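Thanks for making time this morning. I would like to walk through a few local features of one model, with the cut-offs given as they come up.

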Amino acid sequence: MTKLSQNAITVLERRYLLKDENGKVVETPDDMFRRVAKAIAAADADFNPDADVKKTEDEFYELISSLKFMPNSPTLMNAGRHLGQLSACFVLPVGDSMGEIFDAVKNAALIHQSGGGTGFSFSRLRPSGASVRSTGGVASGPVSFMKVFNASTEAVKQGGTRRGANMGILRVDHPDILEFIQCKKDNKDITNFNISVGLTEKFMEAAENDEDYDLIDPRTKKPSGKLNAKKLFELIVDMAWKNGEPGIIFLDRLNRDNVVPSVGEIESTNPCGEQPLLPYESCNLGSVNLSLMLKKNNGGYEVDYELLGKVVDTAVHFLDNVIEVNKYPLPEIKNMTLSTRKIGLGVMGFADMLFRLGVPYNSEEGINTADKIMSFINQRAHSASELLAKQRGPFPLFGESTLAATGRPVRNATCTTIAPTGTISIICGASSGIEPLFALSFVRNVMDNDELPEVDPYFAEIARKEGFYSDSLMRTIAKEGTLAHLSEVPEHIKRLFVTAHDISPEYHIRMQAAFQAHTDNAVSKTVNFRHDATRQDVSDVFMLAFKLGCKGVTIYRDGSRDEQVLYVGDKKNEQAEFSESMRKITPRPRPEVTRGFTEKVVIGCGNLYITVNYDDDGICEVFTNLGRAGGCPSQSEATSRLISTALRSGLDVHALIEQLKGIRCHSTLRQRGNNKNIKVLSCPDAIGRVLEKVADMCEKENGNNKEKQSRPISRASDISDEYENGLKDECKNPLCCPECGGGLEHEGGCTICRACGYSKCN
């Protein structure tokens with residue numbers, strides 16, 4: 001097994017390795033790789049009783065333990081375990097009846113519980129205000145029901161490891177499109193959804209020509225009004241400029257590449273947008289680590305196509321086996337998935353590969369390298385799928401598919417997808433997906449309050465070789481976020497080691513288009529904008545993506561979400577002032593008069609009485625008291641005191657709730673099976689749930705004025721309003737990770753902390 005970084009081991013221990021009932025890790029990384037390889041190899045016997053399954057197991061083990069390839073997270077977590085749900089991506093239909101809507105809610109909950117993410121199109125739902133014959137009432141519209149799905153997602157913890165993620169799509173010609181575009185104007189609304197507008201070729205032409213277009217009633221399929229396409233496009237741009245949402249999806253292009261149009265229309269994608277799927281389809285993803293697909297030549301590096309080809313062949317075999325051994329959350333999903341057998345092989349470590357090849361990301365050579373690499377992978381993947389079809393038969397719907405005319409049966413309806421690789425790229429020590437590096441160096445906090453610079457290994461190697469490495473320079477690079485203005489770094493190094501904000505939006509899109517040209521499904525790619533980017537810049541990128549053949553676009557303008565900590569990176573005195581202010585925050589005095597509630601909650605140790613008090617400025621304190629059964633009163637009191645201190649120091653109550661809910665206690669979990677009155681997982685989980693109830697009540701009492709509730713201390717406006725007003729291209733600090741305080745990177749509609757592995761979509 002290839003040696004893992006300490007960061008990779010930390011991520012595996014937190015999120016992937018088996019734990020006992022007390023939460024103790026009982027599996028090593030090597031055990032995990034062997035568990036996964038053995039479970040996936042077992043499928044060979046389904047097709048050939050005489051298959052050498054042990055040989056396949058060893059091949060799969062070498063593939064993943066060497067970090068040359070890694071499957072999506074659910075496969076690593078669940079293969080060889082009781083749950084056995086191995087897919088990351090699902091799309092569910094949402095029909096226009098109460099029964100169909102809540103069937104979709106239920107099915108989504110089952111998928112989230114099993115570790116998957118879901119995509120929905122809400123385009124079939126009648127618009128708000130439309131009549132409902134069965135009740136004589138009026139419909140509330142798609143956005144209203146999205147909030148129901150959002151609440152359900154919030155309540156379901158995915159396999160005990162992460163919350164569910166959703167994609168919500170609405171066609172641009174739906175009568176409620178204006179409300180949909182603006183439904184996430186407040187970043188605290190519909191928090192478990194990424195949203196994208198489903199654009200059509202007809203709409204894009206109308207937008208370019210400044211023409212009106214028809215809104216279509218989804219029930220009658222007849223026009224029900226008109227909007228100006230250019231103005232609506234500008235509204236999409238404006239909202240994306242403000243906070244990164246909505247994204248856009250080109251529906252006609254998704255269906256142009258729909259391999260089985262006889263089965264239905266593609267209406268939605270998975271949460272990160274790279275996997276278009278038919279209703280009830282799922283897809284299994286995995287990525288080749290391009291940083292390891294190199295060989296040395298004359299003191300430099302070149303692509304090792306022989307090795308890359310072998311890895312692709314084995315990866316396609318692996319992913320097809322995943323389809324076979326998967327335990328599907330719904331029978332409809334099993335039937336559809338087995339009918340098309342879609343897989344999505346992608347890449348990670350592309351930026352690392354370019355560094356070693358000496359090719360700048362934002363160059364013609366960089367674009368050409370992407371084109372050549374992905375063309376090879378796509379062709380090789382299809383050849384491997386053809387070979388599997390000869391051995392195992394083509395996918396069942398091949399005969400009625402658009403591929404039948406080729407006369408070359410394939411095992412899988414699609415073979416390639418470029419996904420965001422998130423935590424699996426941390427495990428592999430590689431850059432994520434096809435993204436450029438977000439930072440060459442970042443500062444990691446350690447237990448003694450010291451800060452250590454974490455530097456990209458190859459950049460550190462080159463810096464030492466060229467003689468300009470120093471810890472102080474690495475700290476400066478971490479604060480600057482770029483090499484561009486550093487005189488200590490040679491020009492040829494600056495040109496090669498570019499990061500996300502050094503790259504123009506146009507090159508981001510051109511790179512996405514280069515990969516899309518050789519990808520069956522779609523490409524997850526975030527176009528990063530500097531803080532001073534204009535709405536016109538965003539508009540130009542959307543139009544360029546349309547003209548270059550992309551299937552969708554996600555953008556993020558640095559500092560555009562109000563949770564982001566904003567500071568001027570090269571003004572060290574202001575950063576010091578910010579840091580000092582953060583250190584000196586003290587709680588406001590306890591008010592003399594409060595209002596509040598006490599709730600009795602049954603836990604494993606007996607009854608826990610939770611009191612939450614608030615005043616006109618929001619929730620200010622929490623008390624807990626255990627009944628006679630005993631339990632851990634000192635720990636509960638300590639938890640309550642810390643929560644009260646945090647609340648009176650200005651910490652957002654919802655941030656506390658997020659941390660508390662889902663914490664598990666062995667004593668409580670052990671008793672749940674015998675006591676139906678136990679509805680919580682632990683004392684902290686119970687406190688979080690009661691806090692949530694009171695927070696909701698306070699917000700309603702204050703007329704939904706969420707600013708009256710304790711404000712997040714991470715907002716720059718709490719320190720100095722002029723920081724945000726004066727920000728231009730110097731805003732570089734990312735969102736703060738809620739688990740370790742490190743920086744979060746935006747990737748395909750998700751955020752990921754490369755310091756600890758925390759990730760959250762939407």
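Thr598 stands opposite Thr611, a residue of β24, and the two antiparallel strands concerned, β23 and β24 (residues 606–615), are joined by nine bridges. Strands here are DSSP runs of E with at least two residues, helices are runs of H or I with at least four residues, both numbered from the N terminus, and two strands pair if DSSP finds at least two bridges between them. Please keep in mind that this is a predicted model, in which local features need pLDDT of at least 70 and side-chain atom pairs count only at pLDDT 80 or more, while totals for chains, interfaces and linings use all residues. Residues are numbered from 1 along each chain as its sequence is written, and side-chain values use heavy atoms, with hydrogens and water left out.

The open sheet has three strands in the order β23-β24-β25, with antiparallel pairing. Because β23 (595–603) and β25 (618–626) each have a single partner strand, they stand at the edges, and one side of each has no neighbour in the sheet.

Next, a helix pair: the axes of α23 (residues 633–648) and α24 (residues 653–660) come within 10 Å and cross at roughly 150°, where axes are lines fitted to C-alpha atoms over the stretch in contact and angles run from 0 to 180 degrees between N-to-C directions. The two helices are therefore roughly antiparallel to each other, that term being used for angles over 145 degrees, with under 35 roughly parallel, 65 to 115 roughly perpendicular and the rest oblique. Ile643, Ala646 and Leu647 of α23 meet Val653, Leu656 and Leu660 of α24, contact meaning heavy atoms within 4.5 Å.

Turning to Ser196 in strand β9 (residues 193–199), its relative accessibility is 5%, so it counts as buried; buried means under 20% relative accessible area, exposed over 50% and partly exposed in between, with a 1.4 Å probe and protein chains only. Leaving aside residues up to four places away in sequence, Ser196 touches several residues, including Met167, Phe180 and Pro246.

Finally, which residue has a positive phi of about 55° although it is not a glycine? That is Asn298, found in the loop between β16 (294–297) and β17 (300–303), and it counts as exposed because its relative accessibility is 79%.
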